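Welcome! Please take a moment to look over the sequence and the 3D view before reading on.

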2 protein chains.
Amino acid sequence: MVTEREFLDGYDPRAYPAVAVTVDVVTLTIRDGVLHVLLVERGEQPHAGRLALPGGFVREETLDEAALRELAEETGILPRVHLEQLATFGDPGRDPRMRVMSVAYLAFAPRLPEPTVGGDAAAARWVPVAAATGLAFDHDTILAAGLERARAKIEYTPLATAFVGEEFTIAQLRGVYTAVWGEEPHAGNFHRKVLSVPGFIEDTGATTQRGGERGGPRSKLFRAGDARILHPALLRPSAEERR
Amino acid sequence: MVTEREFLDGYDPRAYPAVAVTVDVVTLTIRDGVLHVLLVERGEQPHAGRLALPGGFVREETLDEAALRELAEETGILPRVHLEQLATFGDPGRDPRMRVMSVAYLAFAPRLPEPTVGGDAAAARWVPVAAATGLAFDHDTILAAGLERARAKIEYTPLATAFVGEEFTIAQLRGVYTAVWGEEPHAGNFHRKVLSVPGFIEDTGATTQRGGERGGPRSKLFRAGDARILHPALLRPSAEERR
DNA sequence: AGAGATTAACTCGAACTGAGAAGAACTGTA
DNA sequence: TACAGTTCTTCTCAGTTCGAGTTAATCTCT
């Protein structure tokens with residue numbers, strides 16, 4: 001916010017050229033055990049042909065609404081997505097045409113159908129995060145910020161459940177951590193831990209109809225609990241190396 | 001960011017009226033063991049006479065530079081401040097005059113002199129956070145977000161050292177946690193913990209010249225270490241209650 | 001039927017935690 | 001000066017949590 005004094009003192013259309021505000025969304029999902037991000041292909045200059053994060057102008061709406069709207073326009077219906085503000089990127093020169101402030105959002109989605117090629121995007125598709133480099137503008141930086149946020153956030157919040165369906169097995173949940181962290185937690189300890197953290201997951205009483213693709217018994221099905229933070233947290237194995 | 005297609009499709013000066021971008025800074029410090037926030041008094045409408053967070057327009061500079069500049073204008077020189085982006089608040093109607101996007105920043109400062117009554121602000125002063133209510137615009141919300149960020153961040157980063165001087169005692173550091181969390185950690189366990197976390201604090205070899213005001217031996221002096229995260233983390237006592 | 005894989009549960013020692021206690025050092029006051 | 005009270009620092013101890021490994025049971029595929 002701004003005080004009126006500052007507003008009046010500072011207001012000079014030439015000194016403060018028009019500023020555009022957009023939202024860009026880092027949408028993450030897991031497909032076949034690999035973390036993917038939703039990208040659109042740019043059809044025009046600048047950066048024609050390059051991949052970019054989906055996004056667009058903020059209209060007469062809240063920022064959260066703008067992010068949700070952009071996401072819906074790119075991917076169709078979005079059930080059970082978690083959406084949170086990530087950070088704002090507004091350095092001069094990040095867009096060659098004018099000063100553009102981008103409010104970046106981070107979305108966690110369960111496996112979704114291929115994005116509908118409607119909306120504003122010329123083409124939208126899921127790209128493995130390892131292959132998502134050389135993006136337009138400063139979107140490499142925004143994506144990196146989103147990935148780090150995701151990696152940190154599943155440690156102490158139950159957001160990993162936003163990547164799986166309504167009902168899931170502990171192995172599927174472990175697969176989320178493996179995909180996001182890039183390393184696999186110890187299966188036995190992971191099992192013990194998620195069951196012991198209050199409110200993380202609830203037993204539905206049901207089991208899967210079949211065992212795993214490569215064998216093993218049927219596993220119990222769980223649903224997300226009502227905890228909003230995980231205590232104690234599930235720390236990354238690599239946290240040890242930070243010492 | 002925005003793709004050019006979206007830019008061209010969406011551009012309509014009447015549909016997207018001018019947007020102003022400001023930075024507002026939640027500056028926290030500890031004075032006499034109490035957490036304070038830096039506020040300015042508004043001299044003009046709207047919200048004349050009410051307190052608000054210091055802030056102002058973003059010029060031809062990065063957002064970080066804008067936050068640092070505003071802070072410097074309000075408080076004079078700022079040695080050893082930690083500054084980080086907090087969140088962006090841009091709901092329609094949060095400013096009655098026009099659409100204003102506020103990129104909020106969070107600053108941790110060691111005890112500073114009274115702010116210089118220069119800069120843009122009519123009057124600037126440190127206010128205990130408990131008394132900082134009824135602020136102008138949505139600044140109550142921004143302050144609350146800053147406080148929660150601060151409480152969480154000193155758990156797993158060494159940022160508490162940003163509130164104290166170059167050299168400090170463990171008791172002073174404990175005072176930071178007490179002021180920010182609103183509850184006092186167990187002195188003995190706190191002592192053991194901060195010494196055992198690698199890179200948190202380093203022994204200078206020196207001690208204070210005097211004991212505490214109310215007695216007690218001289219205490220060792222420490223300086224901040226080079227760790228960027230604390231592992232294991234220093235968790236809030238009240239974290240237990242979240243179960 | 002058999003090989004291989006997986007779930008789920010258990011064991012073990014190491015590390016960490018909260019709570020309390022105790023000794024030494026120092027202050028201000030009687 | 002002596003004393004009461006406060007504080008820094010270290011230590012103890014039991015309970016909890018952790019990483020790593022093991023095991024039994026179950027299931028799929030060949």
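Here is a short tour of a sheet, a loop residue and a group of aromatic rings. Please keep in mind that this is a predicted model.

**The sheet**
- In chain A, three strands make up an open sheet, ordered 8-10-9, with antiparallel pairing.
- Strand 8 (167-168) and strand 9 (201-207) of chain A are the edge strands, each pairing on one side only.
- Strand 9 of chain A is joined by four bridges to strand 10 (residues 220-224) of chain A, and the two run antiparallel.

**A loop residue, A:Thr161**
- You will find A:Thr161 in the loop between helix 3 (139-156) and strand 8 of chain A.
- A:Thr161 counts as buried because its relative accessible area is 7%, and the cut-off for buried is under 20%.
- Beyond its neighbours within four places in sequence, A:Thr161 is in contact with A:Arg80, A:Phe168, A:Leu173, A:Phe200 and A:Ala224.

**Aromatic rings**
- Over all chains, the structure holds six aromatic pairs.
- One of these is the pair of A:Tyr177 and A:Trp181, which is edge-to-face, with 4.9 Å centre to centre and 65° between the planes.
- Both residues of this pair, A:Tyr177 and A:Trp181, sit in helix 4 (residues 170-181) of chain A, four residues apart, or about one turn of the helix.
- A:Tyr177 and A:Trp181 are both buried.
- Together with A:Phe190, A:Tyr177 and A:Trp181 form one aromatic cluster.

Definitions and conventions: Residues numbered from 1 in each chain as written. Chains lettered and ligands numbered in written order. Predicted model: local features only at pLDDT ≥ 70, side-chain atom pairs only at ≥ 80, totals over all residues. Heavy atoms only, no water. Pairing = 2+ DSSP bridges. Buried < 20%, exposed > 50% of the residue type's maximum accessible area, 1.4 Å probe, protein only. Contact = heavy atoms within 4.5 Å. Phe/Tyr/Trp six-rings, centres within 6.5 Å; stacked < 30°, edge-to-face > 60°.
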